[in-house]
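Morning, everyone. Let me put the model up, and then we will walk through a few sites.

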Amino acid sequence: MNETAAEETEEATEEELRRHRSAVWRGSRRLLWRGPADRPLGERLTALAADAGQVCDLADTPDLYGDGVVGEVERRVAALLGFPAAVYFPTGTMAQQVALRCWAERTGNATVALHPMAHPERHERGAFGAVSGLRTVHPTREPRLPTAREIADFEEPFGALMLELPLRDAGFVLPEWDELTRTVSAARERDAVVHFDGARLWECVTHFGRPLAEIASLADSVYVSFYKSLGGLSGAALAGPAEVMAQARAWRHRYGGLLFQQYPAAVSALLGLERELPRLPSYVAHAKRVAAALTDAFHEGGVPWFRLNPPVPHTHQFQVWLPYEAEVLDRAALGQSEETGVTLFRRWFAEGGAPGTSVTEVTVDSAGLEWTPGEVREAAAEFLRRVEAG
C-alpha cells in the first residue's frame, strides 16, 4: 500500500470511529451534557421550526444581507451587553479579526497583547498575522490571565489587550473581579484598548457576581458566541461603540461575512438567549457539585494522582486530568457509554501535559442537572474499574 492510500485508509477509519462515537453518545440515556452532534439533523431542524415562533414573527420575510431577524439578534446583544451597537458575524474568528483590525487602525498600533493559550493563538492557524496584519505578544505564559503587574511591566508597547473570559485551554479559568478590573486599568494606563474574547462570557456572571452589562463595560469591545453555551447553530456578535461597529460592518463585508441569508442560525441564537442564558447559573452551580463528586470518587478509587482544573469550577466547564494514556481512557469511556448507556466522559487527549497523563473537558448542562452526586460517584467508579481492566 502506498503512502497516499495508507493515509486515506487511516482517515476513513478515523471517520468511522467518529461516527460510531457520535452514535453511542446520541443513544446514551444519561449524559452530563448533550452536544450539537448528539441530536440527528432532522430532529434539530424539526425543533428549530417548531420553536421559532417563540422568538420571532413567522410571517416576517427572511433576512437579506443582515436585516430582519439578524438585526434583531444584534439589537438584543447590544442591550444585554450594554453597548450602543452590535454586529452579527458568521464566525467568532472573523469577528475578532475585524475587532482588533478596527482598533489597530484607530490606535495606530497593530500589536495585540493576549495569552498564548488564547483561541487566536491556538486554534486559528495564525490568522491575526496572516490575514489581518496583526502582531501578537504575550504578557504571561502562566495558565491564567495576565495580572495588572504583568501588563504594567510588559516591555513592549501594544495597542490592544485581548482577554479571553474564561480562558478555555487553561481550564475555563477566570480571575477574581478585583483582579480583572486592575488588569483592565493597567492596560488603560498604557493607552491600550481592551477587547474581551467572550465566546463563553454568558456563563461568567456567577463567578464574578455581576450582571453581563457590568462585566462587558470593562472592555471597549466584546465578542460573544451563540453556539458555545447557548446551543445555537453557529454565529457570533461583536459589540462596542457605534462608530467602531459601523467600521466593523465594512470590514465584515470585505472579509466575506455579509451572507445573503442566515436566518436559521439567527433564530437559533434568539432561542439560546431566551432559553439557555437564564439557565446557565444553574449549570454552573451543578458543575461544582459534579466536580466535588468526581473528586470524592477519585479519592475513593485510589487513583494515584488526579487533578480537576480548577478544583472548584469557575463556569459550567472544567478539566479533568488523570495519569493514564489517552487511548486507555478513551476506550474505558466509550465502553461505558456503549454498554451501560451512561456517558460520563467523552474524548481524552494527551497534548499539553506530562508524559503518561491525559485530559478531558467536562461540561454540565440541562442533561447534567438530572445527576445526583451519588450517581456521579457511581459512574466514576465504574469508569475507573474499566480503566484498571485495560
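Start at arginine 200, in the loop between β6 (193-198) and α9 (205-208). Helices here are DSSP runs of H or I, at least four residues, and strands are runs of E, at least two, numbered from the N terminus. A caution: this is a predicted model, so local features need pLDDT of at least 70, side-chain atom pairs count only at pLDDT 80 or more, and totals for chains, interfaces and linings use all residues. Residues are numbered from 1 along each chain as its sequence is written, and side-chain values use heavy atoms, with hydrogens and water left out.

Back to arginine 200. It is buried but has no salt bridge. Buried means under 20% relative accessible area, exposed over 50%, partly exposed in between, with a 1.4 Å probe and protein chains only. A salt bridge needs a side-chain nitrogen of Lys or Arg within 4 Å of a carboxyl oxygen of Asp or Glu. The nearest side chain of opposite charge is glutamate 203, 4.6 Å away. Lys and Arg count as positive, Asp and Glu as negative; His and the chain ends are not counted.

So what does arginine 200 touch, beyond four places in sequence? Contact means heavy atoms within 4.5 Å. The list is Leu165, Pro166, Arg168, Phe172, Lys228, Ser229 and Gln317.

Now the salt bridges. There are 24 in the structure. Take aspartate 169 and arginine 122, which pair at 3.1 Å, N to O. Aspartate 169 sits in the loop between β5 (160-164) and α8 (177-189), and arginine 122 in helix α5 (residues 119-123), so the pair ties together parts 47 residues apart in sequence. Aspartate 169 is buried at 15% relative accessible area. Arginine 122 is partly exposed at 45%. Shared partners join Arg122, Arg168, Asp169 and Glu361 into one salt-bridge network.

Next, helix α1 (residues 3-26). Arginine 19 and glutamate 15 both lie there, four residues apart, about one turn of the helix. Their side chains form a salt bridge at 3.0 Å, N to O. Arginine 19 is exposed at 56%; glutamate 15 is partly exposed at 31%. Arginine 21 bridges to glutamate 14, with the closest N and O atoms 3.4 Å apart. Arginine 21 is buried, at 9%.

Last stop, glycine 92, in helix α4 (residues 92-107). This glycine is buried at 14% relative accessible area. Its C-alpha is 9.3 Å from that of serine 234, 142 residues apart along the chain.
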